[in-house]
Amino acid sequence: MSFTVRKLGSALGAEIIGLDLTSTLDDGTVAALRAAWSEHLILLFRDQPLTPRQQIAFSRCFGELDDHAAIPKFRHPEHPEILMVNNLETATQKRLSVGRQWHSDLSTTLRPAKGSLLHAIQLPSTGGDTMFCNMYRAWEGLSPLLREWLDGREAVHDMSIARETRLQRTESELEEIRRRNPPVCQPVCRVHETTGRKALYVSEMTTSHIDGLTMDESQAILEHLYRQSTAHENVYRHIWRKGDSVLWDNRCVMHIALSDYDPSEIRTMHRTTLMGNPSGRLAHVS
Ligand SMILES: O=C(O)CCC(=O)C(=O)O
């Protein structure tokens with residue numbers, strides 16, 4: 001099956017045109033899609049209303065899927081491979097905000113996600129966009145001296161420091177989150193297994209500090225790294241249409257869900273998560 005590739009932005013992103021994701025793709029097409037993913041970091045597929053089964057089957061073209069056992073509350077009741085990214089919790093009718101700071105999926109675990117595919121089911125009348133940034137370019141844009149200093153260093157990733165989590169939880173709940181998800185040290189610069197390129201790997205949602213620095217020293221450096229990562233020229237902003245699927249590479253891309261919509265409206269997305277290689281170590285083990 002052939003398809004065409006249309007670039008979405010100068011920093012990252014491409015739309016794949018001409019494929020029907022509900023059909024079985026041959027090996028040559030899958031190989032070409034994987035190559036396009038390595039080149040463009042995020043791939044967009046428009047007008048493809050996918051059932052959970054179809055989304056799971058298509059996502060498997062890119063690797064093994066997570067069953068989201070760590071976040072059972074948001075798993076699809078019949079398909080654990082689907083994570084329901086909703087702004088309304090059905091059982092309690094509570095409003096939810098997910099992913100409202102820049103992050104890379106599962107960086108707080110010892111098996112960070114390789115990729116994620118988000119499929120738009122129900123969208124607000126306007127807004128609800130997602131932004132993505134290119135972490136290869138973030139790394140390459142640093143001065144050689146800073147790159148040399150950062151390469152080989154580690155940063156601590158801690159699920160309990162996410163802003164929304166801190167706002168909504170008591171101190172003892174935060175402690176419980178840390179007990180169940182002990183903070184991990186991840187390399188500040190990761191080498192991508194497929195492309196061999198280096199990418200910056202710190203994120204404002206989960207990185208508490210650079211290992212070995214004081215919090216103040218660390219904060220100053222991290223703020224510089226975040227500014228560099230999310231500079232306008234390094235970002236693609238996706239305006240969703242119902243039936244869109246966006247696949248991103250968490251090893252070299254960060255993303256953020258914007259709160260640029262009326263929270264009384266429903267936004268429902270289905271996410272499949274590709275399992276990555278083991279990375280990092282428990283933070284308290286030196
Ligand atoms: O809802 C979105 O736009 C992004 C969700 C998100 O941050 C995630 O799935 O990790």
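The accessible surface of the chain comes to about 13,500 Å² (Shrake-Rupley method, 1.4 Å probe; for residues, only the protein chains shown count as cover). Carbon and sulfur atoms hold 52% of that surface. This is a predicted model: local features need pLDDT of at least 70, side-chain atom pairs count only at pLDDT 80 or more, and totals for chains, interfaces and linings use all residues. Residues are numbered from 1 along each chain as its sequence is written, and side-chain values use heavy atoms, with hydrogens and water left out.

Now the charges. The chain has 33 positive side chains (Lys and Arg) and 36 negative ones (Asp and Glu), with His and the chain ends not counted. The centres of the two sets lie 1 Å apart, each charge being placed at NZ of Lys, CZ of Arg, CG of Asp or CD of Glu.

Next, the fold. The chain has seven helices and 18 strands; these are DSSP runs, H or I of at least four residues for helices and E of at least two for strands, numbered from the N terminus. The radius of gyration, taken over C-alpha atoms, is 18 Å, close to the 19 Å of the globule rule (2.2 Å times the number of residues to the power 0.38) for 286 residues, so the chain is as compact as a globular protein of that length. Of contacts (heavy atoms within 4.5 Å) between residues at least 6 apart in sequence, 79% join residues at least 24 apart.

Go inside. Of the 286 residues, 51% count as buried (under 20% relative accessible area; exposed is over 50%, partly exposed in between; 1.4 Å probe, protein chains only). The largest nonpolar core has 41 residues, and Leu12, Phe132 and Leu150 are among those with the most contacts inside it. Such a core is a set of buried Ala, Val, Leu, Ile, Met, Phe, Trp, Tyr and Cys residues joined through side-chain atoms within 4.5 Å. Helix H3 (residues 135-140) gives the largest share of this core, four residues. A second, separate core of 22 residues includes Ala14 and Leu50.

Finally, single residues. Leucine 41 sits in the loop between helix H1 (27-40) and strand E3 (42-45). Leucine 41 is not a glycine, yet has a positive phi of about 75°, and is buried at 3% relative accessible area. Histidine 68 is also not a glycine and has a positive phi, about 55°. At 1% relative accessibility, histidine 68 is buried.
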